[in-house]
Amino acid sequence: MSSFDEADRPALIAALEYQRASVRSIVEGLSEKDWHTSVVPSGWTPAGMVAHLGGAERHWTCDVVLDHDPGHPFDEDFDDEPYDPNAPFVIDWPSSKVLTYYRDQNRQTNEMLAATALDAAPRGRHSTDPDEEPLTVREIVLHLIEETAAHSGHLEIARELLDGKTRLGLR
């Protein structure tokens, strides 16, 4: 645990981990075929969505908070296309690899949070637009909670459409 005296730190970290656990719970037991099946017009797949969540944590932690991305063993397996916010989240990795990537990014975020005050200013940048830049690590943690919760809901709906399973999220 960190040594920071921040009253909201335990609640924020617990909320982030709860949302991550919900994502893992929703996809647990999903068939490999269904991991790569889209059930929505936009075309994203559960595998792509979980990989996106890992990539989001990596971006906010490494690129924005730390301004340093140490790389990942799976980097050579990503295509070299620039990020397109309008493209569907899809990836052809097996589910075990997607989950490993997601957990690795969760761990990296946790390590950053253990060493960084929530009021600290990010060292890197998210955007070229100054109005889109978070002012503190706290804002980034809140964004990660929000994004993970939103996509957890998307995954839960996809799971129901794929195999009929419901109420797999933790609440």
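This is a predicted model: local features need pLDDT of at least 70, side-chain atom pairs count only at pLDDT 80 or more; totals for chains, interfaces and linings use all residues.
1. Helix 1 (residues 9-27) packs with helix 4 (residues 95-115) at an angle of about 175°, the axes being 12 Å apart. The two helices are therefore roughly antiparallel. On the helix 1 side the contact is made by R9, I13, L16, R20, V23, R24 and V27; helix 4 contributes L99, Y102, R103, N106, T109, N110 and L113. By class, the residues of this contact are 7 nonpolar, 3 polar and 4 charged.

2. Helix 5 (residues 137-163) has 27 residues. From its first C-alpha to its last it reaches 38 Å, close to the 39 Å expected at 1.5 Å a residue. Just after helix 5, G164 has a positive phi of about 80°.

3. The count of salt bridges comes to 10. One of them joins the side chains of E17 and R20 (3.1 Å, N to O). Both residues lie in helix 1, 3 residues apart, about one turn of the helix. R20 is buried, with a relative accessible area of 1%, whereas E17 is partly exposed at 29%. A network of salt bridges links E17, R20, R24 and E57.

4. R58 and D69 also meet in a salt bridge through their side chains (2.8 Å, N to O). This pair links distant parts of the chain, with R58 in helix 3 (residues 46-66) and D69 in the loop between helix 3 and helix 4, 11 residues apart. R58 counts as buried at 10% relative accessibility; D69, at 32%, counts as partly exposed.

5. Within helix 4, E111 and R107 are 4 residues apart, about one turn of the helix. They form a salt bridge, with the closest N and O atoms 3.3 Å apart. E111 is partly exposed, at 46% relative accessible area, and R107 is partly exposed at 41%.

Terms used
Residues are numbered from 1 along each chain as its sequence is written. Side-chain values use heavy atoms; hydrogens and water are left out. Axes are lines fitted to C-alpha atoms, for helices over the stretch in contact, and angles run from 0 to 180 degrees between N-to-C directions. Angles under 35 degrees count as roughly parallel, over 145 as roughly antiparallel, 65 to 115 as roughly perpendicular and the rest as oblique. Contact means heavy atoms within 4.5 Å. Ala, Val, Leu, Ile, Met, Phe, Trp, Tyr, Cys and Pro count as nonpolar, Asp, Glu, Lys and Arg as charged, and the others, Gly among them, as polar. The expected span of a helix is 1.5 Å times one less than its number of residues. A salt bridge is a side-chain nitrogen of Lys or Arg within 4 Å of a carboxyl oxygen of Asp or Glu. Buried means under 20% relative accessible area, exposed over 50%, partly exposed in between (1.4 Å probe, protein chains only).
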